[in-house]
Amino acid sequence: MKKNVRLLALLLVAVSVLSVSTAALGAEEVTCYIPNRVERLALPDYSEAIADECNYKGDPFRTGQEGGETFVTWEQVTVKGYKYVRVNGVKTKKNATYDTLYVAQVRTYYPKGNYIRKIVANYRNDAPHTLIDYLITYQVSDKEKYTVRYAASTVTMLETHTTTTVAGITFPKITFSKVDGQHASRKLSPTQYLHHYTKDQILEGWYDRDDLPTLKSGSGKNLNKWYLWEYWSGKVTQYKRGGLKPVTSFRSPRVE
């Protein structure tokens, strides 16, 4: 009897180890399809009945994970264009403005138990509707998640740091503008920086655990360090708890 119990225990341990190994392998194999243009995603058509957002069951990012729920955010923008009118029987080109809709964001949530729990893709209001950046949330344990923001493409951006005051509280504000050509990252002035990003480069990250406040990654040489940020006061404290993964360990699973 003791031999049978011991054998059963060994079998349970073996099955448990196999399950963990299989889950880890599955996590490494998950990829997601995030195209540079929103038109390449298979999305439902906009309907006036769903106002500014629609949701449906689906996996436009092709992770292969089941149970995904997708939300598509549409934004209205007024653009300048022209129209043709007839003046005294003559077809004449006339300047005009009109409202149009574009997909600003696509985000998909996946049920607990999946390695990838959430994907957010942000798209630009330009002619080709190009990808701005994307965020992926990874579930590494029952209580722990990492969210990582990635660059959409290789580009140089001018970053301007200013502040804004709301209700007597001063908040940091960062604005970005695209710079043509290739430029090395460097500081231009106390408030302006050039940053050169490569496609799928990790830009920043967040760490969430049930019993802790959200941690945020640093930047530059401190990218792999984690910090407690008090947004309302601007106070930053490095968090040195052992066992945290560096944000750069989450290489992008993006495919096109």
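Let's start with Glu204, which counts as buried because its relative accessibility is 15%; here buried means under 20% relative accessible area, exposed over 50% and partly exposed in between, with a 1.4 Å probe and protein chains only. Before going on, some housekeeping: this is a predicted model, in which local features need pLDDT of at least 70 and side-chain atom pairs count only at pLDDT 80 or more, while totals for chains, interfaces and linings use all residues. Residues are numbered from 1 along each chain as its sequence is written, and side-chain values use heavy atoms, with hydrogens and water left out.

Back to the charges. Side chains of opposite charge can pair when their charged atoms come close. The cut-off used here for a salt bridge is a side-chain nitrogen of Lys or Arg within 4 Å of a carboxyl oxygen of Asp or Glu. Searching the whole structure turns up eight salt bridges. In one of them Glu204 pairs with Arg149, with 2.6 Å between the closest N and O atoms. That pair ties together distant parts of the chain, since Glu204 sits in strand β12 (residues 202–209) and Arg149 in strand β7 (residues 144–151), 55 residues apart. (Strands are DSSP runs of E, at least two residues long, and helices are runs of H or I of at least four, numbered from the N terminus.)

Glu204 also meets Lys216 in a salt bridge, at 2.8 Å from N to O. Lys216 lies in strand β13 (residues 215–217), twelve residues from Glu204. With a relative accessible area of 22%, Lys216 is partly exposed. Through shared partners, salt bridges join Asp133, Arg149, Glu204 and Lys216 into one network.

Another salt bridge has Glu256 and Lys199 as partners, their closest N and O atoms 2.4 Å apart. Glu256 is in the segment after β16 (254–255) and Lys199 in the loop between β11 (192–197) and β12, so this pair, too, links distant parts of the chain, 57 residues apart. Lys199 counts as partly exposed because its relative accessibility is 41%.

Now for a charge without a partner. Glu159, in strand β8 (residues 155–166), is buried yet has no salt bridge; the nearest side chain of opposite charge is Arg149, 7.1 Å away. (For charge, Lys and Arg count as positive and Asp and Glu as negative, with His and the chain ends not counted.) What does the side chain of Glu159 make a polar contact with? The side chain of His161, at 2.5 Å. A polar contact is a pair of N or O atoms within 3.5 Å; within protein, one must be able to donate a hydrogen and the other to accept it, and residues adjacent in sequence count only if both atoms are side-chain atoms. Beyond its neighbours within four places in sequence, Glu159 is in contact (heavy atoms within 4.5 Å) with residues including Phe176, Tyr193 and His195.

Finally, the sheet. Ten strands form an open sheet in the order β2-β3-β4-β5-β6-β7-β12-β13-β14-β15, with antiparallel pairing; two strands pair if DSSP finds at least two bridges between them. At the edges are β2 (53–57) and β15 (235–239), each pairing on one side only. Strand β4 (residues 90–109) and strand β5 (residues 116–123) run antiparallel and are joined by five bridges, and Gln105 stands opposite Asn122 in β5.

Technical notes. Lys and Arg count as positive and Asp and Glu as negative; His and the chain ends are not counted.
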